[in-house]
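Good morning, and thank you for coming. Please look at the sequence and the structure as I bring them up, and keep both in view while I speak.

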Amino acid sequence: MKFILYLALGISLFKSEQAWSQSKDDYLTPETIIDAAFDVLSGTPEEKRDWDRFRSLFVPSAQFIVAPKDKDTGDNKLIVRTIEEVISSQGKWLESNPLHEYRIHSITENYRHLAHVLCTYESRKNDLELYGRGISSFQLMHDGKRWWIVNWFWLGESENERIPEIYLPKKRNH
């Protein structure tokens, strides 16, 4: 069974390796690949997103998971999407609305070729107007050549559930 899983992952990585973007810097560290993912999603309404670059950051079987509260019941739920589902469901919206999303703080833990990054992000409509914040959990692996995002799991901040200080940038004393 393990052999089949490793074989499937190897085939997936081989196919994705063919889609590497021109910028090999995207894959150097867990933080650079995460920043590249946010970079692709960010832009003005006139900017087309580079979906080939986006695809090149993830293993083909990557999952995108969000865990919002159900507005009617208040229960936590999961919405799970593939890369192609994210592009088809969010692509048109992203290309018609200004959005600049970026990492403001992160905690990275590594063990051998695996990494987990708990990342606090901000979303802005422009340089001044804060649109939202949240926390993303990224699971990544290094295949010996580069980093790959395996899963991206996030939850937006709400008025009732603010991001704890431990996950925010340290305040500077002036």
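Predicted model: local features only at pLDDT ≥ 70, side-chain atom pairs only at ≥ 80, totals over all residues.

W51 and F54 are three residues apart in helix α3 (residues 51-56), and therefore about one helical turn separates them. Helices here are DSSP runs of H or I with at least four residues, strands are runs of E with at least two, and both are numbered from the N terminus. Residues are numbered from 1 along each chain as its sequence is written, and side-chain values use heavy atoms, with hydrogens and water left out.

Are W51 and F54 buried or exposed? W51 counts as buried because its relative accessibility is 13%, and F54 counts as buried because its value is 0%. The terms are these: buried means under 20% relative accessible area, exposed means over 50%, and partly exposed lies in between, with a 1.4 Å probe and protein chains only. Of the 174 residues of the chain, 36% count as buried.

Let me turn to the aromatic rings. Rings of Phe, Tyr and Trp (its six-membered ring) pair if their centres lie within 6.5 Å; planes under 30 degrees apart count as stacked, over 60 as edge-to-face, and the rest as tilted. By this rule there are 12 aromatic pairs. In one of them, F38 and Y121, the ring centres are 6.0 Å apart and the planes stand at 40 degrees, so the pair is tilted. This pair links distant parts of the chain, since F38 belongs to helix α2 (residues 30-41) and Y121 to strand β4 (residues 114-124), 83 residues apart. F38 and Y121 are both buried. For W51 and F54, the centres are 5.5 Å apart and the planes are at 85 degrees, so this pair is edge-to-face. One aromatic cluster takes in F38, W51, F54, F58, F64, Y121, F138, W152 and W154.

Next, the strands. Two strands pair if DSSP finds at least two bridges between them. Which strands pair with β6? Strand β1 (residues 58-66) pairs with β6 (residues 147-156) in the parallel sense, over five bridges. Strand β5 (residues 130-142) runs antiparallel to β6 and is joined to it by nine bridges. The hairpin of β5 and β6 has four residues between the strands, and G144 in the turn has a positive phi of about 100 degrees.

One further ring deserves attention. R146 lies over the face of W148, at 3.4 Å from the ring centre; a charge sits over a ring if NZ of Lys or CZ of Arg is within 6 Å of the ring centre and within 35 degrees of the ring normal.

Finally, the whole chain. Its secondary structure comes to four helices and six strands, and from the N terminus the elements run α-α-α-β-β-α-β-β-β-β. The C-alpha atoms of W51 and I83 are separated by 9.6 Å, although these residues are 32 apart along the chain.
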